[in-house]
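Subject: Structure handover

Hello,

Here is the structure I said I would pass on. Please open it and keep it in view while you read the notes below.

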Amino acid sequence: MLTILGKPTAKNGTFCDGVSRRSFLKIGGMALGGISLPGALRAEADSQTGNNHKAIINIYLPGGPSHIDLWDPKPDAPKEIRGEFAPIKTNVPGVEICELFPRMASMMDKFIPVRTISDADGRHDAYQCMTGRTFGSRQPPGGWPAAGAFVSKLQGPVNSAVPAHVALMYKTGNGTWGEPGTGGFLGVPYAPFNLVGRKARSSPDNMILQGITLERLRDRVKLQKAFDSFRRDADTSGLMESMDVYSQQAMNILTTSKLADALDLSKEDPQILARYGESSEKFQRDGAPPMIENFCMARRLVEAGARFVSLNYSRWDWHGPDGMNFPKSREEFPRLDQGLAALVTDLHERGLDKDVSVVVWGEFGRTPKINKNNSRDHWPRVSCAMLAGGGMRAGQVIGRTNRKGEYAEDRPVKFQEVFATLYQNVGLDLNGTRIFDTAGTPQYLVDQGIEPIHELI
């Protein structure tokens with residue numbers, strides 16, 4: 001694994017060694033421990049590369065955002081249900097969302113609110129948003145792969161410089177909010193290639209480039225000198241002789257600029273980047289930092305060749321005794337509104353709206369009735385998601401909850417139905433694809449009988 005450290009900074013949101021969280025990248029580090037870049041390349045070599053570059057951006061909101069306060073307002077419900085926010089009209093007749101999302105409201109014809117996700121596990125973790133399965137469901141030997149692992153296995157890399165399955169998942173204080181899933185029974189080679197971390201970790205098999213910052217990645221001469229120095233040291237120790245062709249290919253990839261350029265937001269058009277708004281590197285208690293610029297980085301990674309990008313964004317668990325549900329909503333909703341509007345606008349302007357699917361969701365919804373702390377508690381019975389792109393029929397709402405937002409009154413949707421839709425968008429055959437687990441049992445992308453959301457196809 002290669003670790004690249006950003007330049008020291010005195011800003012808030014730094015580690016004790018002065019390294020910015022945003023600047024810390026692990027290139028070659030796989031989530032949940034384990035695979036080196038050579039292993040990823042070996043897996044890519046065993047896969048068939050797809051002809052068309054379709055992609056998925058999976059935006060996870062850790063902590064369970066309130067469906068009523070986001071995109072399913074209940075203005076006719078009692079005050080203790082409807083809360084403090086009023087709905088606003090969108091550019092789709094008859095569709096209203098929270099008043100704190102004016103940008104999305106003005107382009108709702110490009111979005112799809114799903115208001116009736118009805119099979120939330122109820123656990124405070126990312127598992128269901130990464131796999132579609134409930135944590136307590138029967139597991140095949142090796143466990144269920146993350147959705148991106150299926151895509152990586154079946155479609156392979158677009159090019160040899162960027163892994164097919166990548167993540168921008170920060171390691172969080174509540175560990176289950178920072179887990180992008182694993183390769184499951186497909187194996188560690190298909191686990192997400194996680195590009196961000198909370199702190200540096202070293203191990204005997206790590207290759208550390210001392211003194212190489214993101215800013216210096218643009219200097220090809222200095223970067224090449226650093227690798228030459230590493231090669232001389234490795235040759236002296238005999239390490240290079242033991243490196244197989246994939247390891248040498250890994251070194252060659254890391255001396256090229258494609259992945260580094262995708263991660264370098266200084267190469268983005270400043271006017272485009274400004275659309276997304278200003279990020280904060282400060283971690284939200286035990287959640288992730290509100291790095292809205294990662295929405296732009298996800299788009300850049302897709303353009304560079306990634307097929308599946310997952311990221312965790314901020315922290316949405318606000319039902320404690322401090323009663324922060326509505327104050328935090330006023331802080332977080334406008335930033336999310338700006339970032340999502342910018343991302344979807346970018347996809348359309350770049351002609352990627354047919355090829356790149358976006359899903360935004362959390363692990364469950366929030367109680368319709370406001371608690372004594374002026375907040376909302378956990379409510380797995382119903383939650384929401386926002387979809388865009390992928391050539392889907394946008395400008396419509398999927399599902400309807402009852403007057404108080406307690407349950408799905410029409411068109412309940414399962415997490416796996418959303419994934420089935422995303423899989424179909426990228427060209428995977430739901431019914432014809434069987435992959436054998438480590439016990440030789442055939443497994444499918446989604447459970448048998450699960451179909452895409454037909455209204456969107």
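This is a predicted model: local features need pLDDT of at least 70, side-chain atom pairs count only at pLDDT 80 or more; totals for chains, interfaces and linings use all residues.

Residues are numbered from 1 along each chain as its sequence is written, and side-chain values use heavy atoms, with hydrogens and water left out.

The whole chain

The protein chain has 14 helices and 18 strands. Both are DSSP runs numbered from the N terminus: helices are H or I with at least four residues, and strands are E with at least two. Of the 457 residues, 58% are buried (buried is under 20% relative accessible area, exposed is over 50%, and partly exposed is in between, with a 1.4 Å probe and protein chains only). The chain exposes about 18,100 Å², and carbon and sulfur atoms supply 48% of that area; accessible areas come from the Shrake-Rupley method with a 1.4 Å probe, and for residues only the protein chains shown count as cover. Among contacts with a separation of 6 or more, 75% are between residues 24 or more positions apart (a contact means heavy atoms within 4.5 Å).

The sheet

In what order do the 7 strands of the open sheet stand? The order is β6-β14-β11-β3-β10-β7-β8, and the pairing is mixed. Two strands pair if DSSP finds at least two bridges between them. β6 (111-117) and β8 (193-194) stand at the edges with a single partner strand each, so one side of each has no neighbour in the sheet.

Strands of a sheet pair through backbone hydrogen bonds, either parallel or antiparallel. Both kinds can be found here. β7 (residues 165-168) pairs with β10 in the parallel sense over 4 bridges, and Val166 stands opposite Val309 in β10. β6 and β14 run antiparallel and are joined by 5 bridges; here Val114 is opposite Ala385 in β14. β11 and β14 also run antiparallel, with 5 bridges, and Trp361 stands opposite Ala385. In β14, 7 of the 7 residues are buried, so the strand is largely enclosed by the rest of the structure.

How many of the 12 residues of α12 are buried? The number is 11, and the helix is mostly covered. The buried residues include Phe295, Met297 and Leu301, and also Arg299 and Arg300. At 1.5 Å a residue, the 12 residues of α12 should span 16 Å, and the end C-alpha atoms are 17 Å apart, which agrees. The expected span is 1.5 Å times one less than the number of residues. Gly305 follows α12, and its phi is positive, near 135°.

Salt bridges

The whole structure contains 29 salt bridges, each being a side-chain nitrogen of Lys or Arg within 4 Å of a carboxyl oxygen of Asp or Glu. One of them joins Asp355 to Lys54, with the closest N and O atoms 2.6 Å apart. Asp355 lies in the loop between α13 (325-349) and β11 (356-361), and Lys54 in the loop between α1 (37-46) and β3 (55-60), so this pair ties together parts that are 301 residues apart in sequence. Asp355 is partly exposed, at 23% relative accessible area.

Asp317 forms a salt bridge with Arg315, the closest N and O atoms being 3.9 Å apart. Arg315 is buried at 7%, and Asp317 is buried at 12%. Arg366 also forms a salt bridge with Asp317, with the closest N and O atoms 2.8 Å apart. Arg366 lies in strand β12 (residues 365-366) and Asp317 in the loop between β10 (308-312) and α13, so the pair ties together parts 49 residues apart in sequence. Arg366 counts as buried, at 2% relative accessibility.

Regards
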